[in-house]
Amino acid sequence: MINIVFLKEGEPIASYGVDKNGVYCLDAKIENYKLKGDSLNYDRILEIYDESKNEN
């Protein structure tokens, strides 16, 4: 699962997690949701994440 955390002034204000099957959750709540169709390209998000690690 990829987790994206939004910060404001260094403090987390929201989060979003999604896995390769299109299951996602908002703000670490127990409920999970399923994306319809190809509305999210998980592989591209993972690629962006991996690229960001190499920028340092």
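Trainee: Which residue in β3 does Tyr16 stand opposite?

Mentor: Start with the general idea. Strands of a sheet pair through backbone hydrogen bonds, either parallel or antiparallel. In this predicted model, Tyr16 stands opposite Leu26 in β3. The strands involved are β2, residues 11-18, and β3, residues 23-26. Their pairing is antiparallel and runs over three bridges.

Trainee: How many aromatic pairs does a search of the whole structure find?

Mentor: A pair of aromatic rings is described by the distance of the centres and the angle of the planes. Here the search of the whole structure gives one pair. Tyr16 and Tyr24 form it, with ring centres 5.6 Å apart and planes at 25°. Planes under 30 degrees apart count as stacked, so this pair is stacked.

Trainee: Does Tyr24 count as buried or exposed, and why?

Mentor: Compare its accessibility with the cut-off. Buried means under 20% relative accessible area. Tyr24 has 18% relative accessibility, so Tyr24 counts as buried.

Trainee: Where does Asp19 lie, and which side chain of opposite charge is nearest?

Mentor: Asp19 is in the loop between β2 and β3. The nearest side chain of opposite charge is Lys34, 6.2 Å away. Asp19 is buried yet has no salt bridge.

Trainee: What is Asp19 in contact with, leaving aside neighbours within four places in sequence?

Mentor: Asp19 is in contact with Met1 and Tyr42.

How values were computed: Residues are numbered from 1 along each chain as its sequence is written. This is a predicted model: local features need pLDDT of at least 70, side-chain atom pairs count only at pLDDT 80 or more; totals for chains, interfaces and linings use all residues. Side-chain values use heavy atoms; hydrogens and water are left out. Two strands pair if DSSP finds at least two bridges between them. Helices (H or I, at least four residues) and strands (E, at least two) are DSSP runs, numbered from the N terminus. Rings of Phe, Tyr and Trp (its six-membered ring) pair if their centres lie within 6.5 Å; planes under 30 degrees apart count as stacked, over 60 as edge-to-face and the rest as tilted. Buried means under 20% relative accessible area, exposed over 50%, partly exposed in between (1.4 Å probe, protein chains only). Lys and Arg count as positive and Asp and Glu as negative; His and the chain ends are not counted. A salt bridge is a side-chain nitrogen of Lys or Arg within 4 Å of a carboxyl oxygen of Asp or Glu. Contact means heavy atoms within 4.5 Å.
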